Amino acid sequence: MRPDRPLRQVLALALPSLGVLAAEPLYLLVDTAIVGNLGAVPLAGLAVAGVLLAVVASQSVFLSYATTARAARLHGAGRRADAVNEGVQATWLALSLGLLLLVVGQVVAEPITGALAGSAEVADAAVSWLRIALLGVPAILVSLAGNGWLRGIQEAGRPLRFVLVGFGLSAVLCPILVYPVGWGLVGSAVANVVGQSVAAALFLAALLRERVPLVPDLRRMRAQLVLGRDLVVRSAALQACFLSATAVAAQTSTATVAAHQVVLQLWFFLALVLDSLAIAAQSLVGEALGAGDSDRAVQLARHITGYGLVFGLLLAGSFAALPGVLPRVFTADAAVLAQIGVAWWFFVALQPVCGVVFAIDGVLMGSGDAAYLRTITLAAALLGFLPVVWASLIFGWGIAGIWTGLTAFMMARLVLGLARTRTARWAVIGAER
C-alpha cells in the first residue's frame, strides 16, 4: 500500500460525507434565516420544534452507522448483493420506525412543546410547525439508511448528490411558501418535508436499481437493531452530557449560558468536520475486515487516527488565532465575551483530542465494536463529565468548571479508545459480525 493511498481513500469518502452531515443543520439554518423575519414568536416556535426534530434524527443515526459497518464487511468479502441487502433491511426498519415516530410524535407534540415553550403563543407556533415537520420523519430515516448502505459499498458521491437535491429544493421552496404563498411558519415545515421526501425517493430509486430482493429479513434486521441499540445508548449518554452542561450554565448566569451556547455551537460545527473522518473509517475498516485482512484494518486505523490528530491540530491552530475576532461575530455584550474567553481555550485545546477520539469512534463502529463504544461513553459520562459539571454548579466554578467536565469526558474517551485500538481485539475478520 502506497503511503499516500490511505489519505486519498479517506478524503474520497470524508469530503462528500461532510456535505451530508451538514445537510440537516443547513435545513434548520435556512429555516431560521427565513422565519426570523416573521417575528420573535415564529422564530421561538421554530427553535423549540427544531430541537425536538433534531433529537429524533440524531437518535436514529444508527440506521446509517450500523448499516455502514455491516454492509462494508460484506462488500469487502466480495458479496455486493448481500451488502446492498443490508440497505434493504435498514430501509424497512427506517419506514417502520419512521411511521411509529410519526404517530407517537403527533400524539405527544402538543404536551412536549407546551412543556418546553416559554409561553402559550410560542407553544402554538411550535406545535403547528412540528406536526407538519413530523411527516418528513420517515423520509429522514430512509435517507439515513440509504447513506449507510451506499457508504458501505464505498460510494459517497451519490448520497451527497441526493441530499443536495433535497436541500436545494427545500431552500427554494421555503421563502416562496413562507412569504408570497402566505403560509408563514407552516410554509417552512412544508418545504422541509418536500425536500426530505425527494431525497428519500432518490435513495429508494438507487436501491431499486440494484435489483436485489426486497423481502424483509427479520434475522438481518434483528442484527442491525442489536448494533443500533448500543449506538442509541451511546447517543443518549452524549445528549445527557450536553443537556446537563447547558442546564448548569443556565443556572449560573445569563452571560454564562450565552457564552456556553456560542462556544458549544462552534464545537458542534467542528465535530461535523472531524466526524467525516469517522465515517470514512467505518467504511474502509469494515471493508478490510470483511476481506479478511486484519493487518490492513489495523494499518488503516493507525493512519486515520493520525489524520484525526493532524486535522485537530490544524483546527486548534486556526481557532487559537481568532479569540479576539470570531466571538464578536456572535455578540457585543462585554460580560458574554468575557465568559467566552474562559471557555475558548478549553475549546481550542480539545480539538486535537477530538480528532483522535472521533477517528477511533469510526474505527470501532466500522469493526462492529459498538458495545465497547457504548460502555466507554457511559463510563466517561458517569465518571468524568457529569460529576464535574454538577460540582461546578454546587461550588460555583462557572463556565471553567463546565468545560473542565467536557475535558474530563473527552480525555477519558481518548484513553479508553486508544487502549482498545492498541490491542487489535476489535479487528475481528469475517463478512459478518
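1. On a 1 Å grid over the protein atoms alone, a cavity is a set of points where a 1.4 Å probe fits but cannot get out, while a pocket is an open set with protein on both sides within 12 Å along at least five of seven lines. Lining residues have an atom within 4 Å of a point. Points are joined across faces, edges and corners, and volume is the space filled by probe spheres set on them.

2. Keep in mind that this is a predicted model: local features need pLDDT of at least 70, side-chain atom pairs count only at pLDDT 80 or more, and totals for chains, interfaces and linings use all residues. Residues are numbered from 1 along each chain as its sequence is written, and side-chain values use heavy atoms, with hydrogens and water left out.

3. The largest cavity holds about 30 Å³ of space, and its lining includes Phe 242, His 260 and Trp 403.

4. Helix 16 gives the largest share of that cavity's lining, three residues (helices are DSSP runs of H or I, at least four residues, numbered from the N terminus). By class, the lining has seven nonpolar, one polar and no charged residues. Here Ala, Val, Leu, Ile, Met, Phe, Trp, Tyr, Cys and Pro count as nonpolar, Asp, Glu, Lys and Arg as charged, and the others, Gly among them, as polar.

5. Now look at the second largest pocket, with about 200 Å³ of space. Helix 12 supplies the largest share of its lining, four residues.

Methods:
Helices (H or I, at least four residues) and strands (E, at least two) are DSSP runs, numbered from the N terminus.
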